[in-house]
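My notes follow the order in which I checked them.

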Amino acid sequence: MTDLIRPTWPRLIPVIDLRDGIVVHAVAGKRDCYRPVASLIAPNAQPLDVALALTSTAHTSDIYVADLDAIQHHRTHADEIRSLVDHQLHVMLDAGVSDLKSWKDLLQEHPTLTDVSRWIIGSESLRHVDDLPQFVAKLTADRLAFSVDISNGNVLARDGSDIGIDPWQVACWAVSAGIRTLILLDLTSVGTASGPSSSTLCRRLRDKFQDVDLELIVGGGVRDARDLAACGAAGADAVLVATALHQRRLGRGCP
């Protein structure tokens, strides 16, 4: 699919969700229902095998890792993540970091994670809004991203509930706090092939912050090349993708 190499199209960032040592298929944010991933491109659900298959199919070395056990305050998949780094993959990691102290504690317990390329601070994990500027002061812009985690049109809270806060307000606040990479992640669309609903928010942010060197990443529901084009037209620099790659609807070898 030669259209995907056009520089005006957003790049693909494959995603793996880790739970109990394997990759699971994320669907609509209902984490208790996630099952081992079934893929047309990967031989099994082992993290390294899935990550290598995804990155090869997407023609990238970037891999977004959602460590669900860490996010839900269980084990951290430090060894599995280290194996990805050792295979020259650029890991973007969401490990449920809630504040600067929890991030430092995580690195102290698992020093191999210092080689993670980029840390994702999710709105569903952040303990308090005042903690985000501390990350901005500590990490360079290319090692930090803030994820606006959206559920049913609202920002997702730390307790997993829909708290009725407008994602637009949270995204604008994050930019004002110094964030230069924003992930607009609609968890209710993940794995559903329902289309990228957060592209509208992406367009609004691109229009508002025209004078800011802002990287915008859209996630959730991306189905095919038409959705990819729509995200690009909305101003997205990249899209998070899993199901469409596993089903060969995007990437190497698709129609």
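These entries cover salt bridges, then cores, then sulfurs.

**Entry 1: salt bridges**

I am working from a predicted model. I looked up the salt bridges and found 12 in the structure.

I went to Glu215 next. Its side chain meets that of Arg11 in a salt bridge, at 2.6 Å from N to O. Which parts of the chain does this pair tie together? Glu215 lies in strand E10 (residues 215–219) and Arg11 in strand E1 (residues 11–19), so the bridge joins parts 204 residues apart in sequence. Glu215 has 15% relative accessibility and counts as buried. Arg11, at 35%, counts as partly exposed.

Glu215 also forms a salt bridge with Arg118, where the closest N and O atoms are 2.9 Å apart. This pair links distant parts of the chain as well: Glu215 is in strand E10, Arg118 is in strand E6 (residues 118–122), and 97 residues separate them. Are Glu215 and Arg118 buried or exposed? I find both buried.

I then asked which residues are linked in a network of salt bridges. The network holds Arg11, Asp62, Arg118 and Glu215.

I also noted Arg226 and Asp224. Their side chains meet in a salt bridge at 3.7 Å, N to O. The cut-off is 4 Å, so the pair counts. Arg226 is exposed, with a relative accessible area of 68%.

**Entry 2: nonpolar cores**

I turned to the packing. In soluble globular proteins, nonpolar side chains tend to be buried together. The largest nonpolar core here has 70 residues. Which residues have the most contacts inside it? I listed Ile16, Trp119, Phe146, Leu182 and Leu205.

I left aside its neighbours within four places in sequence. Its contacts then include Val23, Pro47, Val50, Ala51 and Leu54. Ile63, Tyr64, Val65, Ala66 and Leu84 are also in contact with Ile16.

**Entry 3: cysteines**

How many disulfides does the structure hold? I found 0.

I looked at Cys231 for the spacing. The closest cysteine sulfur to its own is in Cys202, 7.2 Å away, which is too far for a bond. Cys231 is buried, at 0% relative accessibility. Cys172 counts as buried too, at 14%.

Note on methods:
Residues numbered from 1 in each chain as written. Predicted model: local features only at pLDDT ≥ 70, side-chain atom pairs only at ≥ 80, totals over all residues. Heavy atoms only, no water. Helix = DSSP H or I, 4+ residues; strand = E, 2+ residues; numbered from the N terminus. Buried < 20%, exposed > 50% of the residue type's maximum accessible area, 1.4 Å probe, protein only. Core = buried A, V, L, I, M, F, W, Y, C linked by side-chain atoms within 4.5 Å. Contact = heavy atoms within 4.5 Å. Disulfide = S-S within 2.5 Å.
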